[in-house]
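Thank you all for coming; please have the sequence and the structure open while I talk. I will go from the surface to the aromatic rings, then to the salt bridges, and finish with a few backbone details.

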Amino acid sequence: MFERPDVGERAVLVHIEFSTHGESEDLGEFRELVASAGVEAVDTVTGTRKQPSPRFFVGEGKLEEVRDAVIGSEADVVLFNHALSPSQERNIERELKCRVLDRTGVIFDIFAQRARTHEGKLQVELAQLEHMSTRLVRGWTHLERQKGGIGLRGPGETQLETDRRLLRARIKSINARLEKVRKQREQGRRARQRADIPTVSLVGYTNAGKSTLFNHITTATVYAANQLFATLDPTLRRLDLPDIGPVVVADTVGFIRHLPHKLVEAFRATLEETTRASLLLHVVDSHDERRDENMEQVEDVLLEIGADEVPVLQVFNKIDLLDNFEPRVERNEEGVPVRAWVSAVTGAGIPELFDAMVERLAEDVIHQFVRLGPADGKLRALLHQSGSVLSEDQQASGDVVMELRMQSRDWFQLLSRAGLKSEDIRYENGETGS
């Protein structure tokens with residue numbers, strides 16, 4: 001759509017520290033982003049300023065330094081580790097005579113490369129089009145002219161207006177198709193809720209090892225790589241847990257600091273799997289120096305999408321990279337598991353993680369002893385069919401004392417099927433409660 005310089009594979013990176021800005025971007029993470037986009041960073045220009053320049057973002061002296069770096073390294077694109085306004089991008093491109101992308105543009109490019117499913121491609125295209133709609137004005141030089149000449153007269157609108165109209169139509173079409181996908185997902189979620197199947201959703205900072213952990217606990221074959229945003233398309237797999245039964249596990253897109261808001265909006269249909277989950281596994285790269293900062297960024301995104309009230313079990317991954325570190329499960333003051341230390345690569349700590357997941361999902365599981373008489377044969381048969389009987393002790397009186405462990409909802413369903421109520425049952429003193 002634009003007559004702009006092509007993006008190549010050799011880039012000059014620009015990173016500026018601002019004294020008046022509270023939180024600056026991380027240069028190391030930006031290098032990882034650029035590498036994930038398949039671009040070679042041939043030079044890096046850094047500097048400090050009080051605040052961004054309205055015209056070029058950087059000062060004219062620093063812009064000259066960037067120009068020299070582009071010429072000296074024969075780069076064909078300049079990547080800014082910051083968010084640039086449309087006019088700043090246009091002005092810098094005009095001065096440097098090469099393509100300029102900001103941090104948001106790099107993330108969009110990675111998402112466009114990684115989307116595999118039809119839904120994922122639609123979500124990325126929607127975010128790109130909404131981002132592009134604010135930058136149309138800097139495209140062709142003839143955008144302000146009205147169409148003219150034989151076969152081109154008619155609508156009486158400028159080229160810019162035509163492009164905006166076409167963009168709006170495409171955005172409307174994509175939104176309609178994504179709404180259809182969202183309704184299909186909602187139907188699937190309602191079906192799982194009717195069947196009382198819990199959902200466990202993996203969330204975390206990008207490259208924390210979510211997909212590797214997902215593959216390990218579900219024996220799936222989701223693409224996993226040591227790069228940012230290896231996973232974009234959500235994947236659901238069934239997992240059977242003791243006492244719980246079938247559980248749906250969802251692998252989701254990774255988060256990153258200052259994730260473009262348009263991408264969060266576009267992936268809302270995907271992220272709804274997170275907001276409706278029974279339990280979130282917050283996967284953390286325990287070896288990362290920025291571990292605490294990354295966790296805060298994930299919590300910020302969860303708050304933005306409305307998933308901050310969902311129960312969370314932290315999973316500190318990659319303990320194989322720590323010195324002499326053994327897997328363990330940490331509990332809060334009430335004894336509830338809150339953090340599991342594991343290695344998704346070696347499998348260390350995975351059994352303990354399963355136990356912690358069962359505890360968190362089984363907070364409504366009952367462990368009790370009941371006394372059934374000869375007349376309660378139907379309930380006894382149903383309990384054996386459900387596989388909930390841990391032990392059975394025949395009494396001299398003809399009664400049977402059964403040790404049961406099951407979800408409370410299943411217990412009340414079986415009572416209903418046997419035509420009984422909870423007050424009809426004789427509970428033994430050996431009951432342990434939930």
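**A walk through the predicted model**

Let me begin at the surface, where E296, E299, D300 and E304 gather in a patch of negative charge. A patch here is made of residues with over 30% relative accessible area and no salt bridge, with like charges joined within 9 Å and nonpolar side chains (Val, Leu, Ile, Met, Phe, Trp, Tyr) within 5 Å. Asp and Glu count as negative and Lys and Arg as positive, while His and the chain ends are not counted, and the place of a charge is taken as NZ of Lys, CZ of Arg, CG of Asp or CD of Glu. Accessible areas come from the Shrake-Rupley method with a 1.4 Å probe, and for residues only the protein chains shown count as cover.

Before going on, a word of care: this is a predicted model, in which local features need pLDDT of at least 70 and side-chain atom pairs count only at pLDDT 80 or more, whereas totals for chains, interfaces and linings use all residues. Residues are numbered from 1 along each chain as its sequence is written, and side-chain values use heavy atoms, with hydrogens and water left out.

E299 counts as partly exposed because its relative accessibility is 40%, where buried means under 20% relative accessible area, exposed over 50%, and partly exposed in between (1.4 Å probe, protein chains only).

Now to the rings. Rings of Phe, Tyr and Trp (its six-membered ring) pair if their centres lie within 6.5 Å, and planes under 30 degrees apart count as stacked, over 60 as edge-to-face and the rest as tilted. By this rule the count comes to 4 aromatic pairs. One of them joins F325 and W341 in a tilted arrangement, 4.7 Å centre to centre with 40° between the planes. Since F325 lies in the loop between β9 (312–317) and β10 (328–331) and W341 in strand β11 (residues 337–341), the pair ties together parts that are 16 residues apart in sequence. F325 is partly exposed at 24% relative accessibility, whereas W341, at 8%, counts as buried.

Another pair, W411 with Y427, is edge-to-face, at 6.5 Å centre to centre and 65° between the planes. Here W411 belongs to helix α13 (residues 408–417) and Y427 to strand β15 (residues 426–427), so this contact also ties together parts that are 16 residues apart in sequence. W411 is buried, at 2% relative accessibility, and Y427 is partly exposed, at 29%. Coming back to F325 and W341, these two form one aromatic cluster with F316.

Turning to charge pairs, how many salt bridges does the count come to? The answer is 15 salt bridges, each being a side-chain nitrogen of Lys or Arg within 4 Å of a carboxyl oxygen of Asp or Glu. Among them is K62 with E65, whose closest N and O atoms are 3.1 Å apart; both residues lie in helix α2 (residues 60–73), 3 residues apart, about one turn of the helix. K62 is partly exposed, with a relative accessible area of 21%, and E65 is partly exposed too, at 37%.

R339 bridges to E330 with the closest N and O atoms 2.6 Å apart, and R339 counts as partly exposed at 22% relative accessibility.

Finally, the backbone. Most residues other than glycine have a negative phi, and most peptide bonds are trans. E74, although not a glycine, has a positive phi of about 55°; E74 sits in the loop between α2 and β3 (77–80) and is exposed, at 63% relative accessibility. N324 likewise has a positive phi, of about 50°, without being a glycine; its place is in the loop between β9 and β10, and N324 is exposed, with a relative accessible area of 79%.

Key
Helices (H or I, at least four residues) and strands (E, at least two) are DSSP runs, numbered from the N terminus.
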